[in-house]
Amino acid sequence: MTQINWMSEVEKRKDALIKDTQGLLHIKSLLDEENTSSDAPLGQGVKEALEYMLQLGEKDGFTPKNVGNLAGHLEFGEGNELLGILCHVDVVPEGDGWSSDPYGAEIRDGKIYARGALDDKGPTMAAYYALKIVKELGLPLKKRVRMIIGTDEESNWRCVEHYFQHEEMPTLGFAPDADFPIINAEKGIADFDMVQKKSFNDSAEGEVEVISFVSGKRYNMVPDYAKAVLKLKENQAGLLEDYSSFMREYELEHIHQAENGTLILEVKGISAHGMEPKNGKNAGLFLAEFLSKQNLEVKASHYFQFVSRYFFNDSRAVNLGVAYSDDISGDLTINPGKLSFSPQSGGSIGMTCRYPVTNKMEDTKTKLDDLLIDEGFEINHFSDSKPHHVDEKEFLIQTLKKVYEEQTGEKAEMIAIGGGTYARSLKSGVAFGPLFPGRPDIAHQKDEYMYIEDLLKATAIYAQAIFELAKNE
């Protein structure tokens, strides 16, 4: 068989690939649970993005299927075995501070800027064009090939849960939703809330009443904004002086304003993916740390001192007593992504815990439960996605190693991550790109982008990978 120049095939389709990528990026495919319907169970935006991909695939001759408007797939080929490429078209909220429209898909300096450019719409389109190249070349395959498209990866994975209740599980596959070379280990993901339960005497104590405090929207994002509304009995000037001094010390943007007898404090941090909180600056934790040092009323004081004691400047759960690390996947991390307090409902810390593949979450949760009883808190809304690990000797990984090394000339090392990809839905599945070594990981951050060069290179890698994994032996 003639040697295929995969990059040359990608270059022939470059303009169409970029145009279709921009079209997908224009869609504001955010989870919208306030505006759902029977045909859009997660909101119109994610449904529109799913339909965009299914219609594109149908036009190009793939067999499309919409599975409950929660997921779908595009398939071609014949055979008993099924190769799956697992992608998603939902995105996290855009956040503030973008230098261009988050859904404008503007191209400048060789990069395409948009929410979802890197996670996961750019890679989804790279994988789609890889499928298209293999199909259009008419290459002999012995497996069916199926792109599975989810719409709830950034939240609760209702898409893949629903999908695999109704559809076939692929024999093997990959998710283009993380880093190159190959991710064969993904940490476990436990999401939960720590909720203040201790009852307090309502008698007013302290000089400062916290009317409200809120920061963050998602467990898996480092909050880049926090706001507190306070009522002071006296010494407002002194508190503001301390506030400005504290925020300057940590080089954080901050403002304050007086309104209807209250004082409003607002802090800007730096967003990042919750799997590595050190990549961001958690605005909620900084504002909570400042408030913990004020003379607050008793309920608020209990909450903010708890946050300070167990979370400030500690992303490894050392203070909680559940720190853990292994050689396969590194440290356990915690990200308090949703913080809130009001005098009526008390305080809550919603977080994601990314734990190593050899860690037993059952033991970790027991330790946390025991600690929280003494602290007047309890765990609510606990969910747990177990770790995922595929042995390097398996056919899937050996094949992807070969492809990556041939396409890049670089050695394909195994990587472990704290993020969760759809690869963990498969028994034999790994995350495979699109972020190349040395590139900054700006997923979930403002001005998210993907290099056009990387988009094309990833497409070539995926095309060869699909062929090598599904071809006749």
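This is a predicted model: local features need pLDDT of at least 70, side-chain atom pairs count only at pLDDT 80 or more; totals for chains, interfaces and linings use all residues.
What is the volume of the largest pocket?

1. The largest pocket. Its volume is about 1,000 Å³. A total of 42 residues line this pocket, and those nearest its centre are Glu-153, Glu-154, Ser-155, Trp-157 and Asn-220. Two or more lining residues come from each of helix 5 (158-166), strand 8 (178-179), strand 10 (188-196), strand 19 (377-385) and strand 23 (434-435). Strand 19 makes the greatest contribution, with 4 residues.

2. Sorted by class, the lining of the largest pocket comprises 18 charged, 13 nonpolar and 11 polar residues.

3. Strand 14 and its partners. Strand 14 spans residues 262-268 and is mostly covered, with 6 of its 7 residues buried. Strand 12 (residues 225-232) pairs with strand 14 in the antiparallel sense over 6 bridges; within this pairing, Ala-226 has Val-267 of strand 14 as its bridge partner. Strand 13 (residues 253-259) also pairs with strand 14 in the antiparallel sense, here over 7 bridges. In strand 14, Ile-264 stands opposite Gln-257.

4. The hairpin turn. Strand 13 and strand 14 form a hairpin, and 2 residues lie between them. Asn-260, in the turn, has a positive phi of about 50°.

5. The open sheet 4-5-24. Three strands make up an open sheet in the order 4-5-24, with antiparallel pairing. Strand 4 (106-108) and strand 24 (449-451) are at the edges; each has a single partner strand, so one side of each is left without a neighbour in the sheet. From one strand to the next, the twist averages 25°. Strand 5 (residues 111-113) and strand 24 run antiparallel and are joined by 3 bridges, and Tyr-113 has Tyr-449 in strand 24 as its bridge partner.

6. The helix across this sheet. Helix 11 (residues 452-470) lies across strand 4, strand 5 and strand 24. Relative to strand 24, helix 11 runs at about 65°.

7. The setting of Thr-21. Is Thr-21 buried or exposed? Thr-21 belongs to helix 2 (residues 14-25). Its relative accessible area is 1%, and because the cut-off for a buried residue is under 20%, Thr-21 counts as buried. Leaving aside residues up to four places away in sequence, Thr-21 touches Ile-112, Gly-122, Met-125 and Leu-455.

Notes:
Residues are numbered from 1 along each chain as its sequence is written. Side-chain values use heavy atoms; hydrogens and water are left out. On a 1 Å grid over the protein atoms alone, a cavity is a set of points where a 1.4 Å probe fits but cannot get out, and a pocket is an open set with protein on both sides within 12 Å along at least five of seven lines; lining residues have an atom within 4 Å of a point. Grid points are joined across faces, edges and corners, and a volume is the space filled by probe spheres set on the points. Ala, Val, Leu, Ile, Met, Phe, Trp, Tyr, Cys and Pro count as nonpolar, Asp, Glu, Lys and Arg as charged, and the others, Gly among them, as polar. Buried means under 20% relative accessible area, exposed over 50%, partly exposed in between (1.4 Å probe, protein chains only). Two strands pair if DSSP finds at least two bridges between them. Contact means heavy atoms within 4.5 Å. Axes are lines fitted to C-alpha atoms, for helices over the stretch in contact, and angles run from 0 to 180 degrees between N-to-C directions.
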